[in-house]
Amino acid sequence: MTTNQTVTGDELATHGRESGPDRSSPALTLTAALLGFALICLDASVVNVALPAIGDSLGAGMSGLQWVVDAYTLPFAALMLSTGAFSDRAGASRAFAIGAAVFALASAACGLAPNLPLLIGARVAQGVAAAVVLPASLSLVRQAFPEPARRARAVATWAAGGSVAVALGPVAGGLLTTAWDWRGIFFVNLPVGALILALLVRAPRSQRRPAPLDVPGQVFATVALTALTFAVIEGGTAGWVAAGVAVVAAVAFFQVEARSPHPVVPLGLFRNRTVAVAVAAGAAVSVAFYSVVFVFSLFFQQVQGLSALRAGLAFLPMTGLIAVTNVAAGKLAGRYGAKVPMLVGQALAVVGLLVLLYVGAGTPPAGVAVLLVPLALGCALTVPPLTAAMMDAVPVERAGLAAGVLNAARQVAGGLGIAVFGALVSDGFAGGMRMALAISAGLLAVTGAATSRLR
């Protein structure tokens with residue numbers, strides 16, 4: 001696991017071996033792919049600690065800050081359903097270069113944004129580019145390392161880049177915001193993007209392949225998710241109208257998917273109980289993790305009065321253990337099967353959430369940092385085995401499609417969780433925070449019960 005993305009050795013299995021020129025360098029290709037993946041994972045977490053500074057600078061309220069986060073998460077999640085096919089059609093190296101270049105330009109636009117609407121628009125562009133970078137970067141790794149053993153090690157290294165980025169995100173956000181400005185969290189992406197494009201010169205050139213695109217399904221999915229998020233964040237009359245649009249778009253989406261020969265979300269996948277439980281558990285974990293990071297980023301600064309840097313450091317015990325726990329979870333799944341670590345992980349996360357209910361304004365920040373650890377360990381322990389269980393439950397030729405569905409479900413759940421919980425804390429921080437924690441614990445308890453019924 002990285003808390004941001006689910007990765008597997010068979011992910012995007014349709015991206016097979018590619019031909020490239022002799023001057024290509026597998027090591028430099030892996031470096032470019034790792035940096036690209038780390039960059040999009042970093043931007044999913046680095047912005048949280050900077051939210052109070054963004055609010056003060058641009059005059060944004062709670063709903064505006066929610067949009068700063070979800071404007072990135074929603075297009076990232078929704079378009080991930082189709083960007084694997086786009087990577088095939090354009091060629092992985094071209095798609096990755098396009099995604100990295102657009103991401104860098106969008107980051108510059110974020111850093112230069114003079115007002116909230118332009119910042120949100122630039123964040124949407126970042127999310128679109130990130131959705132392209134993810135599958136294309138993994139495809140590049142797969143084609144650069146055709147030998148299975150070396151490819152497995154390369155994919156593991158690529159995935160570790162995401163874990164490290166997640167761990168460093170809050171700290172980097174706090175450091176840049178304190179030492180420079182909130183705009184620094186976006187400007188720092190520019191030299192990294194330039195380095196990625198330079199390294200791509202030594203990446204193999206990818207062949208273009210025909211790949212079906214379900215454009216109507218993708219459009220209806222995007223409209224439904226955006227309208228639902230708008231309804232939750234904005235509320236009022238406009239919110240009810242948006243909720244109606246979301247319902248209509250969702251109905252149209254399911255009708256299109258049921259009839260499409262190449263649906264972005266094959267509904268038949270969910271007839272398999274293991275697939276359904278894995279997607280539900282992955283979504284519940286994302287709601288808990290992303291929403292807690294969002295809420296506690298505000299809690300540390302707005303309630304306890306910490307600086308952005310101290311708030312970022314408070315997350316380090318939580319995020320720093322994720323990569324280590326990922327490895328342990330994989331070993332446990334290999335020894336005991338997926339069900340046991342999934343159950344243990346979800347139970348630990350529930351306990352961690354319930355313990356956090358006792359956190360208040362007077363709780364020492366160091367104590368809060370320690371209390372966040374059980375939740376992180378539980379989430380990190382759950383995702384690798386649920387991913388393995390899902391991959392084992394689908395045919396090999398559908399592994400890439402299934403991984404895309406799981407990734408998208410987790411990102412969507414995280415974005416909607418932030419929308420809902422941001423609305424809760426805006427009506428009263430202490431009560432809203434406890435309600436958010438209780439809801440997250442309830443969701444994980446339900447998915448844990450469903451997990452217990454798996455074979």
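The model is predicted. Its largest nonpolar core has 133 residues, and helix H10, spanning residues 273-303, contributes the most to that core. No disulfides are counted.

**Nonpolar cores**
- Within the largest core of 133 residues, the members that touch the most others are Leu119, Phe296 and Phe300.
- Helix H10 supplies 19 residues to this core.
- Leaving aside residues up to four places away in sequence, Leu119 touches Ile54, Leu58, Val68, Cys110, Ala113, Trp182 and Phe186.

**Cysteines**
- The number of disulfides is zero.
- Cys41 takes part in no disulfide, and the nearest cysteine sulfur, which belongs to Cys379, lies 16 Å away.
- Cys41 has 0% relative accessibility and therefore counts as buried.
- Cys110 is likewise in no disulfide; the nearest cysteine sulfur is that of Cys41, 17 Å away.
- Cys110 counts as buried because its relative accessibility is 0%.

**Packing of helices H10 and H14**
- Two packed helices are described by the angle between their axes and by the distance between those axes.
- H10 packs against helix H14 (residues 339-356) at an angle of about 30°, and the two axes are 12 Å apart.
- Angles under 35 degrees count as roughly parallel, so H10 is roughly parallel to H14.
- The crossing of H10 past H14 is left-handed.
- On the H10 side, the contact is made by Ala281, Ala288, Val292 and Phe296.
- On the H14 side, Met342, Gln346, Leu353 and Leu356 make the contact.

Key
Residues are numbered from 1 along each chain as its sequence is written. This is a predicted model: local features need pLDDT of at least 70, side-chain atom pairs count only at pLDDT 80 or more; totals for chains, interfaces and linings use all residues. Side-chain values use heavy atoms; hydrogens and water are left out. A nonpolar core is a set of buried Ala, Val, Leu, Ile, Met, Phe, Trp, Tyr and Cys residues joined through side-chain atoms within 4.5 Å. Buried means under 20% relative accessible area, exposed over 50%, partly exposed in between (1.4 Å probe, protein chains only). Helices (H or I, at least four residues) and strands (E, at least two) are DSSP runs, numbered from the N terminus. Contact means heavy atoms within 4.5 Å. A disulfide is a pair of cysteine sulfur atoms within 2.5 Å. Axes are lines fitted to C-alpha atoms, for helices over the stretch in contact, and angles run from 0 to 180 degrees between N-to-C directions. Angles under 35 degrees count as roughly parallel, over 145 as roughly antiparallel, 65 to 115 as roughly perpendicular and the rest as oblique. A crossing is left-handed if the near helix is turned anticlockwise from the far one by less than a right angle, and right-handed if clockwise.
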